[in-house]
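Hello,

Please find the structure below. My notes on it follow.

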Amino acid sequence: MSQIELAPPVAPDWHRWREGLFNGWANGLVTLATLTAILWLALPFFRWAVVDAVWSGTSADCTTETAGACWAFVGAKFRFMLFAFFPPHLQWRPALVVALIAALLTVSALPRFWSFRLVPVWLLALLVIWLLMAGTAGMEPVSTNHWGGLPITLAVSIAGLAFAFPIALLLALARQSDMGILRSLAVVFIEVLRGVPMIAVLYVAMLIVPMALPSGAAIDKLLRAQIGVTLFFSAYLAEVIRAGLQVIPSGQKEAALSLGLSRIQMLRLVVLPQALTAVIPAIVNLSIGIVLNTSLLAVIGIYDLLNAAKTSATDPTWLGFYSEAYIFAALVYFAICFTGSRYSLWLERKLNGSNRY
Amino acid sequence: MKRHIQPGPSGPGPVSRLRSWIGPLPLQQGLLFVGVLLLFAFLGQNTADSMHRMGLTPGFAFLSHQANFEIGESLFSYSAGDSYARALGAGIANTIKVAVVGCLLATVLGVALGIARLSGNLLLASLVHGYVELLRNTPLLLQLFLWSAIIHTLPPPRGAYTFLGSVYLSNRGVYLPSLSVEGLPAFIWLSVVALAVLATLVLSRRLFAGSALYLPKSAGAVLGALALCYLTLTSLGFAASVEIPAKGGFNIRGGLSLTPEFAALLIGLVVNASASISEIVRSGIQSVKSGQWEAARALGLKPAQILRLVVLPQALRVITPLMISSFLDLTKNSSLAVAIGYPDLVSVANTTANTTGQVLEAIIIIAAVYLSISLAVSAVMNLYNRRVVLRAEGKR
């Protein structure tokens with residue numbers, strides 16, 4: 001979870017490449033050695049993935065002696081990997097959910113749309129997502145046991161972030177407060193959740209929570225997992241926000257208080273806007289971590305993108321094409337997270353630029 | 001962390017110190033605390049009731065019962081007839097094994113990659129950049145699945161891939177040359193060597209204090225200690241030898257063999273952690289301002305000296321805490337072993353929970369082990385930080 005921001009990339013031009021590759025015999029040797037290593041590793045992969053690959057046909061075409069990667073399998077199981085067991089004739093609904101999330105993320109990513117109006121928009125969107133997936137309100141209902149694939153990965157991440165945020169904010173403030181008991185409670189919560197692996201948290205959500213609830217009460221499995229993910233990330237997010245709170249000089253707080261603002265007003269008007277702006281890139285990086293970590297839902301038997309991909313290779317007609325399934329899933333994750341990390345870099349430069357005076 | 005200290009005639013006695021620790025709103029805070037306690041009591045009572053309904057007695061008595069399952073690999077002898085406690089111990093040992101070996105290898109690979117990223121060679125630097133981006137933008141669990149799938153699609157031992165005639169890759173596992181000492185179990189002499197290396201590292205830092213890392217002399221001390229180890233062992237009548245695995249019949253014999261699960265987990269964790277460690281190394285070295293290089297050069301120091309005396313000591317101050325948290329991440333991530341069938345703590349505890357039904361206890365054990373590891377590490381970290389901060393201020 002500890003991520004470090006990359007330095008901003010510099011646009012390559014040909015002069016720089018020539019300088020960087022052959023400006024001396026030592027550098028030239030390194031270049032040649034690297035090239036050899038790349039060829040040694042990449043050529044067999046290229047053969048497997050492109051030259052010998054089977055692009056269409058049935059699994060019989062893929063199991064011949066010379067066959068490389070079986071992309072026909074990905075073609076055949078494409079919809080299953082994206083939507084898992086969601087009823088096929090209703091798959092426009094999860095597709096719409098993915099489109100909605102993408103649109104929402106795009107809008108929220110642009111600083112000019114940043115305002116408190118985004119909060120109700122997001123809550124409304126989460127409701128619409130839930131309605132589309134569950135299918136109440138006149139649509140054919142689909143049980144959460146049949147939900148799966150990319151919408152689960154995205155929705156759990158987004159809902160996790162959305163609900164973890166207020167909790168994390170309160171935790172960060174509690175950890176900074178001068179009230180001893182409150183501070184200790186926050187410290188224990190944060191340290192315990194950060195000290196155990198996420199699998200342990202998911203096991204608690206899966207196995208302990210049903211036992212701990214009064215008999216008769218039951219919470220849906222996916223919802224329990226969502227709660228686990230949310231609490232787990234609220235601890236990490238709290239530490240990120242705390243870092244932001246620490247950069248605000250105490251003079252600002254004192255000035256605000258001496259102007260006659262209440263403590264709440266001081267937080268809302270002076271401290272939080274600055275603290276949160278300072279940690280937005282870190283929050284984006286943490287969100288990438290959430291997307292990557294929702295893949296752990298596979299361990300407790302929820303059909304997220306990774307588990308759907310894994311399961312697709314157990315289809316008797318297309319048995320055992322695990323590498324292809326994982327590579328496809330990896331491409332989807334990479335597309336999402338790489339976009340996110342580029343965005344975080346862009347944002348950091350933009351925010352830094354506007355702060356410079 | 002502001003504390004309200006109330007001046008008063010009584011002075012800061014224990015009561016007023018407690019009061020200043022509690023701060024404002026003591027009643028509300030007390031109510032909150034009681035509320036949290038009540039919530040936990042309520043949940044705990046429900047859990048106890050549910051366990052009672054399922055015919056389970058809460059508690060750790062099951063640990064002494066006979067565990068009737070096998071564990072694929074363990075550092076000490078374990079068989080299905082042993083107790084659950086011993087099974088969990090084997091799981092903890094497996095977790096520690098993969099974490100220690102993983103951290104060592106990830107550090108070596110990560111530092112090499114970090115330096116490669118900083119090299120002037122654009123091809124090498126962009127290659128490492130691509131590697132880092134690829135690994136950091138895909139889930140670790142997926143990477144582990146992929147490594148596991150790749151190892152299982154390797155040819156059987158007969159057609160195993162061979163490197164330099166001494167490393168074999170097959171679907172039964174990875175075979176490496178091993179050092180063995182006749183008449184002495186491997187783990188004893190391995191721990192002797194590890195202790196010797198650790199002792200020399202500490203000693204060399206004490207002896208050559210002044211610079212944080214005095215590489216050539218430390219390396220000399222480590223080599224000396226190793227030679228001393230070797231001489232002691234041979235003079236005591238043990239013969240050390242390098243064993244190279246070889247194909248024989250339907251299998252590969254000799255050498256050090258890693259099971260496919262361990263190999264997949266180890267490769268996955270090391271490759272994944274090396275990406276973040278390389279970034280840590282790079283950012284650490286880049287955090288040293290270029291003025292420091294220039295000043296050192298102006299003083300007439302050679303590049304190696306600049307690195308050793310000026311840059312590394314400062315970079316290490318940035319690198320060390322991040323590195324430790326990477327190690328912690330790796331240790332916690334090794335819990336994903338349960339998904340690829342390596343019998344680590346989580347996997348054994350999971351099996352225990354399934355066979356005994358003592359789910360709560362199993363999870364408490366998992367949490368307790370990981371929590372004590374990370375709390376111990378963060379305590380050491382705080383000590384280190386305090387020392388580094390003091391030093392930095394003392395020298396200013």
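Here is what was found, starting with the ground rules.

This is a predicted model, in which local features need pLDDT of at least 70, side-chain atom pairs count only at pLDDT 80 or more, and totals for chains, interfaces and linings use all residues. Residues are numbered from 1 along each chain as its sequence is written, chains are lettered from A and ligands numbered from 1 in the order written, and side-chain values use heavy atoms, with hydrogens and water left out.

The rule finds 1 salt bridge across the interface of chain A and chain B. A salt bridge needs a side-chain nitrogen of Lys or Arg within 4 Å of a carboxyl oxygen of Asp or Glu. A:Arg342 forms it with B:Glu133, the closest N and O atoms being 3.0 Å apart. Helices are DSSP runs (H or I) of at least four residues, and strands (E) of at least two, numbered from the N terminus.

Chain B also has an open antiparallel sheet of 4 strands, in the order 1-2-3-8. Strands pair if DSSP finds at least two bridges between them. The edge strands are strand 1 (161-163) and strand 8 (256-258) of chain B.

Best wishes
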